Amino acid sequence: MTLNPLLSFVSQVGQRSLQSVREVGYHAALLAEAFYWLLFGHWRRQPVRLGAVFKEAVGVGVNAIPIVALASFATGMMLAIQGIYTLRTFGAEGQVVLGIALSVTREFAPLITGIFVAGRSGSAIAARIGTMQISQEIDALRVIGINPVRYLVAPLLAAMLLTLPALTILSSLVALFGGALYCAGELSLPIDIFFARTFEVLVADDVIHGVLKSFIFAVIVTLIGAGNGFNVSAGAEGVGQATTRAVVLGCIGIILADMVFTFLTSR
Amino acid sequence: MNSTDLAIDVSHLVTHYGSRKILDDISFQARQGEIMVIMGGSGSGKSTLLRHLLGLHQPTSGSIRLLGKDITQLSADEMYDLRKNMGVAFQGGALFNSMTVGENVELPLREHTRLDENTMRIMSRMKLEVVNLAGFENLMPSELSGGMIKRAALARAIVMDPRLLFFDEPSAGLDPVVSAELDELILILRDAMNMTIVVVTHELESAFKIADRITVLDQGRILMSDTVAAVRASTNERIQSLLNRTPRNEAINPDEYMERLTREIF
């Protein structure tokens, strides 16, 4: 089109915005539908099966334990190194426990868990559903009378909501352990004293803060993965794009949601 | 034709894809126990018509009555019940890749019935026997050949003993022997179970062999919907060119041609 370039720019911005709003609406509807099937599927003769939930829980949760644990351990240790380095300027190395305890439980554990699960499972969900979409398996589900959201998304959502908080608590513990190990070497602080002090400074609110975030991240990863999968239309390339989008948007979504949540609850 | 023994009754169906009209005023009927072949070239709208018959899309206007129920008006629950009486074999099979062949065939039973595990297994094996795939239930779909996938998909489609069976392109991508066997299988199913079978195909030979009646689609419209003999005897130019596989020789309108080439440029 050889129209006014300004006009075409404005129209492009408008179309992009419309597209984004449409996408947000689509994901909200997907969330509502997945919860609907989880809660009322039984009465509609289409229950979400417990077996499917556990199978997904193993895939997205249990199998993620090693990688999440390793990343958390390294992060805890890194926090201890940086903390001691920074606090030494004030001669307050002893306060490092407080810093590690709060930042790990409130921020790092949920964030690391969320991002790793988004990378591992968000992409896998998008690829699986996208492939099913192009090979007509989604259509096959529908003509058999199986609602695809009930069959594919609801068990995943339940599994994520179950395992992500658990992974987050595990991640907290492992990160604290990593920090404790470094402090034991650097400050000659016995590990049991480190943990005793940690539990002294932590209140239930800190742990709940981290776990609440992980529920939000669970919803974000599931919806962005599944939504991008369902919207695949153009063959193998489409599946690739959906997978990339699921990871990128999943990670960005988690970080933005984290910021908003922390802003609203921590001031 | 008495309306009570009509298994499929489509009337004045109009559908759009975006703003493009795909199907225009489609009306045809099929009786219980009849094999109706929907024929047409690429882009004739036959796949779209099938997807509407399956209730996968909502049409712009018109009605589609399957087994006496208008699927454009049904509630989700009523549609759910109707689907127990419908079987579909997709072109690529659409078997679930994460499940074995046996689990694929059992899935409709698992979702719609409360049969115990062993009964379901026996029923799925019976259907695999029907399609000559006995003993293959523990293989994964990726381990099957093209013809076997189509037959496994057929087994899954008929496992609930549906009254309506839809089969998309049964012979596409298969060698002549295997596709002849599938045609034979379709005839056996109709005779043994009195199913109404809708087959979408562009293969003439197969269409003439199995069809009781043929609906010919061209550019979103029905050219004719009649018996095999009537279709063969038709004097319609487009039908004859489909039957004799002659290329389209439509005169080009110079103004339209120019408009298409220069659209959105000037």
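The model is predicted, and local features need pLDDT of at least 70, side-chain atom pairs count only at pLDDT 80 or more, and totals for chains, interfaces and linings use all residues. Residues are numbered from 1 along each chain as its sequence is written, while chains are lettered from A and ligands numbered from 1 in the order in which they are written.

Chain B first. Its secondary structure comes to ten helices and ten strands, where helices (H or I, at least four residues) and strands (E, at least two) are DSSP runs numbered from the N terminus. The radius of gyration of chain B, taken over C-alpha atoms, is 20 Å, close to the 18 Å that the globule rule gives for 266 residues, so chain B is as compact as a globular protein of that length. That rule is 2.2 Å times the number of residues to the power 0.38. Along the principal axes, the C-alpha atoms of chain B fill a box of roughly 70 × 45 × 40 Å. Of the 266 residues in chain B, 38% are buried; a residue is buried if 20 or more other C-beta atoms lie within 10 Å of its own, exposed if 12 or fewer, and partly exposed in between, with C-beta atoms placed from the backbone.

Strands count as paired if DSSP finds at least two bridges between them. β3(B) runs parallel to β8(B) (residues 196-201), joined by five bridges, and Val37(B) stands opposite Val199(B) there. β3(B) also pairs in the parallel sense with β9(B) (residues 213-218), over four bridges, with Met39(B) opposite Val216(B).

Val37(B) turns up again in the core. A nonpolar core is a set of buried Ala, Val, Leu, Ile, Met, Phe, Trp, Tyr and Cys residues joined through C-beta atoms within 7 Å. The largest one has 132 residues, and Val37(B) and Val198(B) touch the most other members. Helix α6 of chain A (residues 148-186) gives the most to this core, with 18 residues. Neighbours within four places in sequence aside, Val37(B) is in contact with Val199(B), Thr201(B), Ala207(B), Ile210(B), Ala211(B) and Ile214(B).

Then there is an open sheet of four strands in chain B, in the order β2-β1-β4-β5 and with antiparallel pairing. β2 (20-31) and β5 (69-70) stand at the edges, each with a single partner strand, so one side of each is left without a neighbour in the sheet. β1(B) (residues 6-17) is joined to β2(B) by eight bridges, with Ile8(B) opposite Ala30(B) and Val10(B) opposite Phe28(B). The hairpin of these two strands has two residues between them, and Gly18(B) takes a positive phi near 65° there. β1(B) also pairs antiparallel with β4(B) (residues 61-66) over five bridges, and Val14(B) stands opposite Ser61(B).

On to the chain–chain contact. Here 16 residues of chain B are in contact with eleven residues of chain A. On the chain B side, α2 (76-83), β6 (86-89) and α3 (101-112) are the elements that give two or more residues, and α3(B) has the largest share, four residues. By class, that side has ten nonpolar, two polar and four charged residues (Ala, Val, Leu, Ile, Met, Phe, Trp, Tyr, Cys and Pro count as nonpolar, Asp, Glu, Lys and Arg as charged, and the others, Gly among them, as polar).

As for chain A, the UniProt annotation "transmembrane region", from an unreviewed entry, covers residues 24-43, 64-88, 108-130, 151-170, 176-195, 207-226 and 246-264. Residues 64-88 of chain A are 96% helix and 0% strand, with end C-alpha atoms 36 Å apart. Residues 151-170 of chain A are 100% helix and 0% strand, and their end C-alpha atoms lie 29 Å apart.

How values were computed. UniProt positions are given in the numbering used here, feature names are shortened, and annotations may be inferred rather than shown by experiment. Two residues are in contact if their C-beta atoms, placed from the backbone, lie within 7 Å.
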